[in-house]
Amino acid sequence: MCTLENRRNLFILTLTGHDDHRLSPSFIASILEALSKVKSQAFPGSVLITTNRGKFFSNGFDLSWAQAAGSVSAAADRLKHMVQIFKPVVAELLSLPMPTIAAISGHAAAAGFVLALSHDYMFMRSDRGVLYMSEVDLGLSLPDYFMALFKSKIGSSSVRRDVFLRGMKVKGEAAVRMGIVESTHDGENGVMEAAVRLGEHLGARNWNGEPYAEIRKSLYPEISRLLGLPEKVISISKL
């Protein structure tokens, strides 16, 4: 489902398995397990980079698994289940005691877009890949924490309108202009190299992870409250 690699201070979380990396319950559990390991092994200067193999970063929730339940009501229950168990993934990323970077080497749709946006920084390929919230095309409503995350991370209401109400498929250069991603790069290697460069730069600051996480939560208070992330009082250790 996913692999976790250590490169000195960098934790590299790679989404593997099926090409579209659908977020099934087992895939979500695999990501949560990896994030738990990252958190337990964190030290000052740690950085997380999340990336993917194949055409998709993630194509969102596993709707085929939901529909396999048979009835409409059973499928809806399975979809609600995925919405609920994915919420801790967003919470873990927003409270992780280190900078986080998404190196998006492929399409990121629906919950896959949410997964990428839960990171502090995002990089995309210039030659392939789109960001896409497919709910309006699929006739699905949005979980409250999805919208809260987008409101926290994307300041332009017109961009959010186009993403949600037009179902716009946003390519890399457009995502840069919209302020969603940092920059675009050629190919999978180019995206990863950019993410590693930033990761090494941030890691060299040797920040204490716990204050970093608290500052991040205070930067995004609406989504942090919705996710039930507690505030902690951090002692002033460097003054």
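## The largest pocket

By class, 16 nonpolar, six polar and four charged residues make up the lining of the largest pocket. The model behind this count is predicted. The lining has 26 residues in total. Those nearest the pocket centre are A110, S134, E135, L138 and L140. The space inside comes to about 520 Å³.

Which element gives the most? Helix 3 does, with five residues.

## Aromatic pairs

How many aromatic pairs does a search of the whole structure find? The search finds seven. One of them joins F86 and F146. This pair is edge-to-face, with 75 degrees between the planes. The ring centres lie 6.4 Å apart.

F86 belongs to helix 3 (residues 72–95), while F146 belongs to helix 6 (residues 144–153). The pair therefore ties together parts that are 60 residues apart in sequence. Are these two rings buried or exposed? F86 is buried, at 0% relative accessible area. F146 also has a relative accessibility of 0%, so F146 counts as buried. Both residues belong to one aromatic cluster, together with F61 and Y145.

## A stacked pair

W207 and Y212 form another kind of arrangement: their pair is stacked. The planes are 25 degrees apart, and a pair counts as stacked when that angle is under 30 degrees. From centre to centre, the distance is 5.8 Å. W207 has 30% relative accessibility, so W207 counts as partly exposed. The cut-off for buried is under 20%.

## Charges over rings

Two charged side chains sit over aromatic rings. The charged end of R78 is placed over the ring of W65, 4.4 Å from the ring centre. K169 lies over the face of Y132. Here the distance to the ring centre is 4.9 Å.

## A buried arginine

Where is R216? Its place is in helix 10 (residues 209–219). R216 has a relative accessible area of 4%, so R216 is buried. What does its side chain reach? The side chain of R216 reaches the backbone oxygen of L96, at 2.8 Å.

Key: Residues are numbered from 1 along each chain as its sequence is written. This is a predicted model: local features need pLDDT of at least 70, side-chain atom pairs count only at pLDDT 80 or more; totals for chains, interfaces and linings use all residues. Side-chain values use heavy atoms; hydrogens and water are left out. Rings of Phe, Tyr and Trp (its six-membered ring) pair if their centres lie within 6.5 Å; planes under 30 degrees apart count as stacked, over 60 as edge-to-face and the rest as tilted. Helices (H or I, at least four residues) and strands (E, at least two) are DSSP runs, numbered from the N terminus. Buried means under 20% relative accessible area, exposed over 50%, partly exposed in between (1.4 Å probe, protein chains only). A charge sits over a ring if NZ of Lys or CZ of Arg is within 6 Å of the ring centre and within 35 degrees of the ring normal. On a 1 Å grid over the protein atoms alone, a cavity is a set of points where a 1.4 Å probe fits but cannot get out, and a pocket is an open set with protein on both sides within 12 Å along at least five of seven lines; lining residues have an atom within 4 Å of a point. Grid points are joined across faces, edges and corners, and a volume is the space filled by probe spheres set on the points. Ala, Val, Leu, Ile, Met, Phe, Trp, Tyr, Cys and Pro count as nonpolar, Asp, Glu, Lys and Arg as charged, and the others, Gly among them, as polar. A polar contact is a pair of N or O atoms within 3.5 Å; within protein, one must be able to donate a hydrogen and the other to accept it, and residues adjacent in sequence count only if both atoms are side-chain atoms.
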